[in-house]
Amino acid sequence: MLVVSSSSSKELGLKIAEKLNARIADFEVKRFADGEIYIRAKENIENEQLVLIGNTYPDENLVELLFMQDLIQDLIDSKDFITIVPYYGYARQDRRFLDGESIASRTCAELLEVNCNRIITVNLHKDDIRNYFKKKVKNLIAGKAIAELADRANVDVVLSPDMGSFYLAKDVGDVLKIESAHFDKKRISDRSVEATLSTDVKGKNVLLVDDIISTGSTIIAASKILRANGAKSVHVVCVHGLFLKNSIERIKKVCDSVNASDTLKSKATSYSVASLIADAVLSIA
Ligand code: R5P
């Protein structure tokens with residue numbers, strides 16, 4: 001088996017390749033002076049089982065992934081390879097909130113399946129996004145990996161900052177056999193949120209989980225409420241850490257720890273989804 005890693009997922013690709021006992025394919029990727037991308041397969045990839053891994057965020061990585069898919073299907077004369085998208089960018093534009101808006105999540109789905117038949121994602125912001133694909137998509141949930149991390153922090157309760165990511169808090173809570181609950185969140189703007197909580201957290205070690213941390217507003221608002229309600233400690237774990245605008249530092253001011261997976265690389269990356277992905281590849285390869 002050969003793993004082709006796009007620029008966005010080199011380290012994760014390497015870990016996945018190790019777990020699959022596979023080899024990293026020799027691809028050259030560079031940019032011309034005007035920023036246009038150049039991709040070349042430097043080895044014959046015909047007759048190989050292929051796994052391509054890359055994020056659709058930011059935009060240049062989306063373009064690189066699409067070009068790689070097209071090159072691979074062209075060289076192997078088949079769409080029968082696996083594309084893994086650890087972080088599916090544009091997932092939060094999954095419907096038309098205002099008249100006239102584009103549904104970018106759907107556009108990405110349509111583009112990703114032009115040249116590839118088998119797609120794996122990790123904690124899609126909404127599972128319904130899979131319906132935008134005509135082909136079957138396997139969406140992996142990192143609950144077990146988060147639970148392993150949380151186990152070390154002696155957590156009493158797992159909370160999600162809103163209903164949308166409660167499925168993840170519940171998953172982690174079920175593995176750890178502890179209570180799980182969620183905040184009710186109202187988004188005021190893209191940088192500010194209001195959260196309310198009805199669970200008793202006094203004297204408890206709280207694990208706050210979310211699929212994505214972007215500006216950090218959601219997690220910070222929730223953490224402040226937990227502190228105000230007497231939580232003993234607040235540990236934050238997300239799957240996809242975008243961490244815009246110094247949000248790691250801002251979150252650390254109100255939380256005991258902040259952790260993210262390696263779907264995106266940041267200073268908070270502390271656990272890997274490589275095993276989860278490798279197992280899924282083996283199950284569909
Ligand atoms: C929203 O529904 C997501 O699950 C996250 O809570 C949200 O995207 C986080 O964004 P931010 O860090 O900017 O508050």
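Me: Which residues does asparagine 123 touch, not counting residues up to four places away in sequence?

Reply: Contact means heavy atoms within 4.5 Å. By that rule asparagine 123 touches Asn139, Leu140, Ile141, Ala142, Tyr167, Leu168, Val239 and His240. This is a predicted model, where local features need pLDDT of at least 70, side-chain atom pairs count only at pLDDT 80 or more, and totals for chains, interfaces and linings use all residues. Residues are numbered from 1 along each chain as its sequence is written, and side-chain values use heavy atoms, with hydrogens and water left out.

Me: Is asparagine 123 buried or exposed?

Reply: Buried means under 20% relative accessible area, exposed over 50%, and partly exposed in between (1.4 Å probe, protein chains only). Asparagine 123 has a relative accessible area of 1%, so it is buried.

Me: Where does asparagine 123 lie?

Reply: Helices (H or I, at least four residues) and strands (E, at least two) are DSSP runs, numbered from the N terminus. Asparagine 123 is in the loop between β7 (118-122) and β8 (137-140).

Me: Where does leucine 149 lie, and which residues does leucine 149 touch?

Reply: Leucine 149 is part of helix α4 (residues 143-151). Leaving aside residues up to four places away in sequence, leucine 149 touches Val237, Asn259, Ser270 and Tyr271. The C-alpha atoms of leucine 149 and asparagine 259 are separated by 9.0 Å, although the two residues are 110 residues apart along the chain.

Me: Why does leucine 149 count as buried?

Reply: Leucine 149 is buried because its relative accessible area is 13%.

Me: Is lysine 253 buried or exposed?

Reply: Lysine 253 counts as exposed because its relative accessibility is 71%. Lysine 253 lies in the loop between α7 (247-252) and β15 (257-261).
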